[in-house]
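Hi everyone, thanks for coming.

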Amino acid sequence: MRLSRRTLLAAGTGAVGLTATPAAAAGGRQLRTGFERLAAGGYVPLDGQRVGVVTNPTGITCDVRHIVDVMHADDRVNLIAVFGPEHGFRGTAQAGGSEGRYDDPATGLPVYDTYLKSGQPLADIFTASGVDTIVFDIQDVGARFYTYIWTLYDCMDAARLAGKRFVVLDRPNPVTGRAAQGPVLHKEFATFVGREPIAQAHGMTVAELARLFNGEFLATPVPLETVLMSGWRRSDFYDTSGLPWVPPSPNMPTADTALVYSGTCLFEGTNLSEGRGTTRPFELLGAEGIDRSWAEAVGQLGLDGVHFREAYFAPTFSKFQGRTIGGVQVHVHDRAAYDPVRTGVALLVTAKRVWSGFAWRADHWIDKLTGSTSVRTMIDAGASADEVVAAWQDELAAFRRVRKEYLVYR
C-alpha cells in the first residue's frame, strides 16, 4: 500500500464553500449538494473557463433537473462538452457498456465517451474537447468496485496530464460515511473495479476520495477544487437527505440496493446469481439446486442487523435467465448495526458449505472484487466468516488512519 504524501497540496487543492438557498431537508437540517452551492454562489470557480462535465443521470438538482441542462441554459457558465462514464451520460447502456461519441439532442453539446479510457488517451480527449476545467458530479454508492469512483480517478489523472483544472461537486455517500469496512485492495490486483488500495466499503464522499487520490495516489497532483455539501453528517443514510434517488446504474434501483451492494456484489465472482434480472438485484441471491438450507445456515450465524429469507425467483436476464432458482433474500432490519462486507463473506462461506454446485468464476474475478487472493483461498480452505474478516484487520486499520486525514464532514 503506497501511502506516502500525507498533506493536501499547496498546488491547488481546496474546498469551496458557497452560500445558497436550501436544496433539500435532512432531519431538520438543510442539505445542499455541491452543485446547489456552486449554482447559488454564481459559479465563481468556473468564471472565465471553458467547462466540461463528467456526469450521468444522477447529476440532478433537488427538483430533478439535470445539471447539464441547467448550466447550458445559464449565461454565467461556458459549458462546451460533456463526458459520459459507464452506462452513458443519459444512462441508456447496460452494465459493461457506454453510449459512445454523439451530440446530445437536448443541448447540442458534444458528448465524449470516457468508459475504459484512462491515461494519455483520455487526456487527449480532454485536450480535443477544448475545455479548461473539468467538473465531476456523479452519485457514488460507497463500494470500491463501483466504477464511478475510478472514472473520477482516471479523469483526475488525465486532467493532470492534459494540464486542466478539476472541480468535484460533492453528493452524499448513501450508506453513510461512518467507517471503512472490508479488505483493502492489493496493488497487483488493480483493475477498473479498483485502481488503488482503499477499503471495499470506503465510507467517504466523492470529494473526500478526490482529495485522497490527489494526496496519496496520483503521480503529481491535479489542480483540484472540491465544492462541499452543507447539512450532511457522516451518520446520515440517503433517505435523510431529502434528495430524490436516481439509479446510478440499471442494477442499482434504490438506496436499499446500495446498502447491501458492497457485500453481496461479491457473488459476481461466483456461479450464483447476484439478483441481476430481478426487481431486487444484490438483495436476492441464488442458483438451481439451492433450497431453504442456505437461509437457515446463514441465519444461524446471528449477524447483526440482518435477516435472511428463503426465496425463489426467475431472473429475466444474466445468470439463470428465465429459470426458477432458489436462494435467499437479504433483509436489513437495523442498518446502523449491519456490516455489509462481513455479511457478504458469511453468505459466501455458507453457500459453499450447503450447495455442492458452488464454484468461483474461472477467471477468479472474486480476487479483483476483494482485492487479493485471501478471501477466496481462505474460504476454499474451510475458514469461517470470522476468520476471513480477521485476516484483513491490520491493512484496514492502516487505511483508516490515512483516510482520516481526508475526511471533511463530521
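Take the lining of the second largest pocket: 11 of its residues are nonpolar, five are polar and two are charged. In that sorting, Ala, Val, Leu, Ile, Met, Phe, Trp, Tyr, Cys and Pro count as nonpolar, Asp, Glu, Lys and Arg as charged, and the others, Gly among them, as polar. The pocket's volume is about 200 Å³. There are 18 lining residues, and V175, T176, R178, Q181 and P340 are the closest to the centre. Helix α6, residues 255-264, gives the largest share of that lining, with three residues.

Before I go on, a word on what we're looking at. This is a predicted model, where local features need pLDDT of at least 70 and side-chain atom pairs count only at pLDDT 80 or more, while totals for chains, interfaces and linings use all residues. Residues are numbered from 1 along each chain as its sequence is written, and side-chain values use heavy atoms, with hydrogens and water left out.

Now, what do I mean by a pocket? We work on a 1 Å grid over the protein atoms alone: a cavity is a set of points where a 1.4 Å probe fits but cannot get out, a pocket is an open set with protein on both sides within 12 Å along at least five of seven lines, and lining residues have an atom within 4 Å of a point. Grid points are joined across faces, edges and corners, and a volume is the space filled by probe spheres set on the points.

So how much space lies in the largest pocket? About 490 Å³. Its lining has 30 residues, and the closest to the centre are E86, A95, G96, E268 and R276. By class, you get 16 nonpolar, eight polar and six charged residues there.

And how many cavities of 30 Å³ or more does the structure hold? One.

Helices here are DSSP runs of H or I with at least four residues, strands are runs of E with at least two, and both are numbered from the N terminus. The buried ones are T257, A258, L259, V260, Y261, S262, G263 and T264. They pack against β11 (199-201), β13, β15 and α8, where contact means heavy atoms within 4.5 Å.

Next up is α7, residues 292-299. Which of its residues are buried? W294, A295, A297 and V298. Looking down the axis of α7, these buried residues fall within an arc of 165°, so they line one face of the helix. That arc is taken from the directions from the helix axis to the C-beta atoms. As for partners, the buried residues of α7 pack against β13 (284-287), β14 (306-313), β15 (325-332) and α8 (340-354).

Y43 isn't a glycine, yet it has a positive phi of about 60°. Y43 sits in the loop between α1 (34-40) and β4 (50-55), and is buried, with a relative accessible area of 1%. F282 also has a positive phi without being a glycine, near 70°. You'll find F282 in the loop between α6 and β13, and at 1% relative accessibility it counts as buried.

G41 is in the loop between α1 and β4 too. Is G41 buried or partly exposed? Partly exposed, at 24% relative accessibility. G41 and F358 are 317 residues apart in sequence, and their C-alpha atoms are 55 Å apart in space.

Last, the cysteines. A disulfide is a covalent bond between the sulfur atoms of two cysteines. We count a pair of cysteine sulfur atoms within 2.5 Å, and that count comes to zero here. C155 is buried at 0% relative accessibility, and C265 is buried at 1%.

Definitions and conventions:
Buried < 20%, exposed > 50% of the residue type's maximum accessible area, 1.4 Å probe, protein only.
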